[in-house]
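This report walks through one structure, site by site. Please keep the sequence and the model in view while reading.

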Amino acid sequence: MLLGIASDPIPTTELSELFQFCNDRYFSGELDPSEGFVLRFNRSVKLFGCFRYCLETNVDWAIEISGRLRDHPRALRSTMVHEMIHMLAHQRFRRTGNRRYLDEHRIPGQPFVNRGHGAFFLGELERLNRCWPELGISVKSSFGNHLYELGRIRPRHLLVVSIANSNDKGMIYALHPSAPVDVERLNKTAQGLHDVEDFTVLRVSGELAEGFPVLRKDNAPRVRMRRLSLRGFKDKVQTLRNHAMTIDIMESRGEQKAA
Ligand SMILES: [Zn+2]
């Protein structure tokens, strides 16, 4: 299937098609996958894409891309090309033995963001973004940026818990995308985690829910969730509330527990 702008169709369902398309257009067909190399979608929500390779031989094993990007052709393409630059670096290293392609260390006078994203990576990134600005490749992506189809990101619910009757301290949790807004269970969760029964549930535009700890599908806390207060809690809540799409769907006070 092809999705995207008519003049610039981006293959989105078959990663092998997308890989071929990007290899031809952006890398002049230079990438020559190792035997057994695979392309697959994964369920990651934290990582957008990753390039897997053998630590001993630098042979490429896989490019994995978060399945969430299926709905966002331009972000999908940008992520694929990012991972392909890593693949190119390893291929060049295998062919030349020159470790500079791997961007392992900071080299004085040369750009370096972190391991793997140094002078070679950034040089390729710049070349590609200059020739094809629509690629919008970056070192670190953020969900919901200009490469995303915002209409395809579903709204999410956030559980906002104020701690100790103070508006300054508190925590924000994202409800699992398929969790119901179950007042009783959320009440227990707020109580279990923070000893408070007061909470608010906000419905926000999906990209705003990124980065908050996600509750279980049944709205219970995850095992490793600790009692934390979010830095800048008050400002974060205000920013969420200021967004045009945000709706306050529920406020629960201890005394209205049964409501
Ligand atoms: Zn990278």
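## The loop at G144

Leaving out residues up to four places away in sequence, G144 touches L150, I153 and E207. G144 sits in the loop between α3 and β6 (156-162). The model is predicted.

Is G144 buried or exposed? Its relative accessible area is 16%. The cut-off for buried is under 20%, so G144 is buried. G144 and E210 are 66 residues apart in sequence, yet their C-alpha atoms are 9.0 Å apart in space.

## The zinc site

Which protein atoms are the donors of the zinc ion? They are NE2 of H82, NE2 of H86 and NE2 of H117. Along the chain they follow the spacing H-x3-H-x30-H. H86 lies in helix α2, while H117 lies in the loop between α2 and α3, so this pair ties together parts that are 31 residues apart in sequence.

H86 and H117 are both buried. For H86 the relative accessible area is 14%. The side chain of H86 also makes a polar contact with the side chain of H82, at 3.2 Å. Setting aside its neighbours within four places in sequence, H86 is in contact with F51, G116, H117 and F121.

## Helix α3

Helix α3 covers residues 119-131, which is 13 residues. At 1.5 Å a residue, a helix of this length should span 18 Å.

Which residues of α3 are buried? They are F120, F121, L122, E124, L125, L128 and N129. The buried residues of this helix pack against α1 (15-27) and α2 (73-96).

E124 is placed in helix α3. Its relative accessible area is 10%, so E124 counts as buried. What does the side chain of E124 make a polar contact with? The partner is the side chain of R127, at 2.8 Å. Not counting residues up to four places away in sequence, E124 touches F27, I85 and L88.

In soluble globular proteins, nonpolar side chains tend to be buried together. The largest nonpolar core here has 39 residues. F27, I63 and M80 have the most contacts inside this core. At least two of its residues come from each of α1, β5 (60-66), α2 and α3. The largest share is that of α2, with 10 residues.

M80 shows how the packing looks from one side chain. Apart from residues up to four places away in sequence, M80 touches L15, L18, F19, C22, L39, I63 and I65. There is also a second, separate core of 27 residues. Among its members are L202, A209, F212 and L230.

## Aromatic pairs

How many aromatic pairs does the structure hold? There are six. One is formed by Y101 and F120, with ring centres 5.1 Å apart and planes at 90 degrees, so this pair is edge-to-face. Y101 lies in the loop between α2 and α3 and F120 in helix α3, so the pair ties together parts that are 19 residues apart in sequence.

Y101 counts as buried, at 12% relative accessibility. F120 counts as buried too, at 8%. Elsewhere, F21, Y26 and W132 form one aromatic cluster.

## D195, an exposed loop residue

D195 is found in the loop between α4 (183-194) and β8 (199-204). Its relative accessible area is 57%. The cut-off for exposed is over 50%, so D195 is exposed.

Which residues does D195 touch, not counting those up to four places away in sequence? They are A190 and R227. D195 and R227 are 32 residues apart in sequence, with their C-alpha atoms 9.5 Å apart in space.

Conventions:
Residues numbered from 1 in each chain as written. Predicted model: local features only at pLDDT ≥ 70, side-chain atom pairs only at ≥ 80, totals over all residues. Heavy atoms only, no water. Helix = DSSP H or I, 4+ residues; strand = E, 2+ residues; numbered from the N terminus. Expected span 1.5 Å × (residues − 1). Buried < 20%, exposed > 50% of the residue type's maximum accessible area, 1.4 Å probe, protein only. Contact = heavy atoms within 4.5 Å. Polar contact = N/O pair within 3.5 Å; in protein donor to acceptor, adjacent residues only side chain to side chain. Donors = N, O, S within 2.8 Å, 3.2 Å for Na, K, Ca; no water. Core = buried A, V, L, I, M, F, W, Y, C linked by side-chain atoms within 4.5 Å. Phe/Tyr/Trp six-rings, centres within 6.5 Å; stacked < 30°, edge-to-face > 60°.
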